[in-house]
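Let's take a walk through this structure together. Have the sequence and the 3D view handy as you read.

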Amino acid sequence: MSVGTRRLGHLWPRTAKSRRAVTGYLFILPFILGFLLWFLVPALTAVWLTFFDWNMIRDPVYVGLENFREIFRDKLFVQSLKATAYYTLGSVPVSLVLAFLIALLLNTKVRGIAVFRTIFYLPSIVPAVANAVLWNFVFNTEFGLVNALLRALGLPKIMWFQDPKWAMPALIIMSLWGLGYTVVIYLAGLQGIPEVLYEAAEIDGAGRWAKLRHVTIPLVSPVIFFNLIMGIIGSFQVFTAGFLITAGGPQNATLFYVLYTYRTGIQYFDMGYAAVLAWILFFIILGLTLLVFRYVGRLVYYEDVG
Amino acid sequence: MATQSETVSTRRAPRDRLVIGRLINGERLWRVLTWALLLVGACVMLLPFLWLLTSSLKTQLAVFRYPPQWIPNPPRFQNYVEAWTTRPFGIYLRNTVFILILNEVAILGSASLCAYGFARIDFPGKNFWFGVVLSTMMLPGVVLMIPTFVIFSRIGWVNTYLPLTVPAFFGGGAFNIFLLRQFFRSLPGELADAARVDGCSEFGIYSRIMLPLAKPALATVAVFTFIGAWNDYMGPLLYLSKDPNKYTVALGLAMFRSAFLGRTRWDLLMAASTMMILPIIVIFFLAQRYFIQGIAVSGLKG
C-alpha cells in the first residue's frame, strides 16, 4: 500500500494492527457490498412486499396480512406443494440409494473405470434446457424412445406428459439421469476411507457384507447425510422441466412450487403474494432441513478426531 | 464371464460346485460382476445421448418411423445447418460468450480477492463476515428471485445484461469464496512473509505471489463459472426474454422449442440440443481434474 500511503497519508492508520484491519476490510469489501446490495436489500424488500398488493404498474397498496390469508384459500398453492412433495419423495430416496450403489461399483479397480466414471457423470452437466428438450422427445407418445421400448416388450404405450398420472413419474425418471453429481460426491467420500480400516476388519474375519455394513456405511454416513439434505433442497427448487415440458400440467400435476411462484410474480405480477410464496418455501426448506438434522443427523457417525 | 458361471451352476456336479465356491470367494467373480453391472448402467446412461445424436441426423420422416433406426441412413447433417440458421443462434452464441467472459473476469477477480482477505489477513470481525459468507450459501436462490426481479425492474435493468453480469463483481458467489479460501489457506506462508519483509504490499503479495500459485483452484472456479453461465436458464428467462436480440443460447433453444405450432421438428431440436451440449462435454474432457477437485470440496463442506 506504499502508493496509497503517500497519497492518502492522512487517512491511512498509523498502527500496524489497524492498518491490517483496514487492508482486510478492503479485500473483502466486494463481498460486503454484494451482501448488502444483492442479499440484504432483496431480503428486506421481500419482507416489505408481503404486506402489499402490487402489480408493478399501480402504486403498491398496503393490505396487512391479506396475502398470508390468501394462502388458506389458494387451491393451487396446495396443489403445488403436493406436486413438489411427490417429486421429492419420488426422486430423492431413489437417487440417494442408486447413486450410492453406483459409487460402490465405481470405487473398484476394474478395467476401464475412468471411462465408466465419466459416463455416469456426464448427464449431470447437460444444460437444463437441452435436457428438457431431449427428454420431451424421449417420452414422446408416438415417436419417443421409451414407448418404442415398451412396444418392443409388447406393452401398451403411455401418454407420459399428457396423462396426469404419468407426467410426474416421467419427470422423476428424467431427474435420475442426472444423479452423476451425487455419485461423484459419494465417490470422494468412499475414497477418503483409510485402507487400514478394511484390513483391520479383514483380520477380524469380516466378509464383504460386514465390511460394507460396519466400515463403509458408518464412515460415509456424513456424505449420505449431506447428499440427503442437498437432494431435498434441490428438489424443492426444480423449475425448468416443469416449465418447459409440461408447463405445470396436465391438470396441474407437475405444477412445481417454484413454477407456481414464478407464474404468480413474473407472469401475473402479483408481487406481494409471490413474495409470501417465496418466504413459505424458505421456511419449508429450513424446517425440513432441521427435521432431517434432528431425526437423521443422530444416525450419522462422526469419526473422533485425536 | 457371468454367463459362464451360470451354465456351471445349472449342472450342479459336486466337482463344479467346488469351482463355484472358489469363484464366489475369489476376487475374480466380484470383478466380473462389478464390470457387468457397470456396463449395463453405462449403457442406460448413454442411451439418451445416443437417441439425441441419431435423432439429430435423421430426416423428418425417419424420426417418425418404428422401430427407430439407430444408425440413420443416410445421415442428414443438413439438420445442423438448418437448426443453426432458422434461429439466429450465432447472435445467441455471441451474447452468451459476452455474459460468460464478464462473469469469468468478475468472479475470478472478486472471489479471489475476498478469499485472500479471509484466508491470509487477520482483522477484527473476520469470523463474523465469513459466517455471513457461509450463511448466504444456505439460503435457496429462489427465495430472492421475486424481490430481485422487482428491484432490477425498478432501476430499469430488465432487458439489459446488467442483472446477469454486475452482481458477479461483488464477491463472485459464496461458494467460490469458500473454495478459494480453502486453497489460499493451504499455501505456505514463508513466501508471503519474505515478500512482506522486502516491503511488498498486501495487494502485491496477493496479485504477484498468491494468484499464480492458486492457478489450479482458479481453474476449478473458472470451469464451474463456465458451466453455470452456459447452462443458466432462469436468469436469461427473467431478464432477457422480451428482447430476441439479447437471447442466450439456453433461452434461444427454449424459445425454439416452443415455437412450433403444428408438427414439432424433433430433428432440428435434437441438432440444436446437441450443439448446446457439445461445448460442455468438450470443457469436461479438457478440464476433468478441476471438476473432480471442485466437487470434492463441495462434498467436504457437509
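Two residues count as in contact when their C-beta atoms, placed from the backbone, lie within 7 Å. This is a predicted model, where local features need pLDDT of at least 70, side-chain atom pairs count only at pLDDT 80 or more, and totals for chains, interfaces and linings use all residues. Residues are numbered from 1 along each chain as its sequence is written, while chains are lettered from A in the order in which they are written.

Now look at where the chains meet: chain B brings 76 residues to the contact and chain A brings 74. On chain B's side, helix 3 (residues 27–56) gives the most, with 13 residues; helices here are DSSP runs of H or I, at least four residues, numbered from the N terminus.

Next, find helix 8 (residues 145–154) of chain B, whose buried residues are Met145(B), Ile146(B), Pro147(B), Thr148(B), Phe149(B) and Val150(B). Buried means 20 or more other C-beta atoms within 10 Å of a residue's own, with C-beta atoms placed from the backbone. What covers them includes helix 13 (257–267) and helix 14 (271–295) of chain A. Setting aside neighbours within four places in sequence, Ile146(B) is in contact with Ala46(A), Thr261(A), Gly265(A), Met271(A), Ala274(A), Ala275(A) and Ala278(A). Just after helix 8, Gly156(B) takes a positive phi of about 70 degrees.

Terms used: Helices (H or I, at least four residues) and strands (E, at least two) are DSSP runs, numbered from the N terminus. A residue is buried if 20 or more other C-beta atoms lie within 10 Å of its own, exposed if 12 or fewer, and partly exposed in between; C-beta atoms are placed from the backbone.
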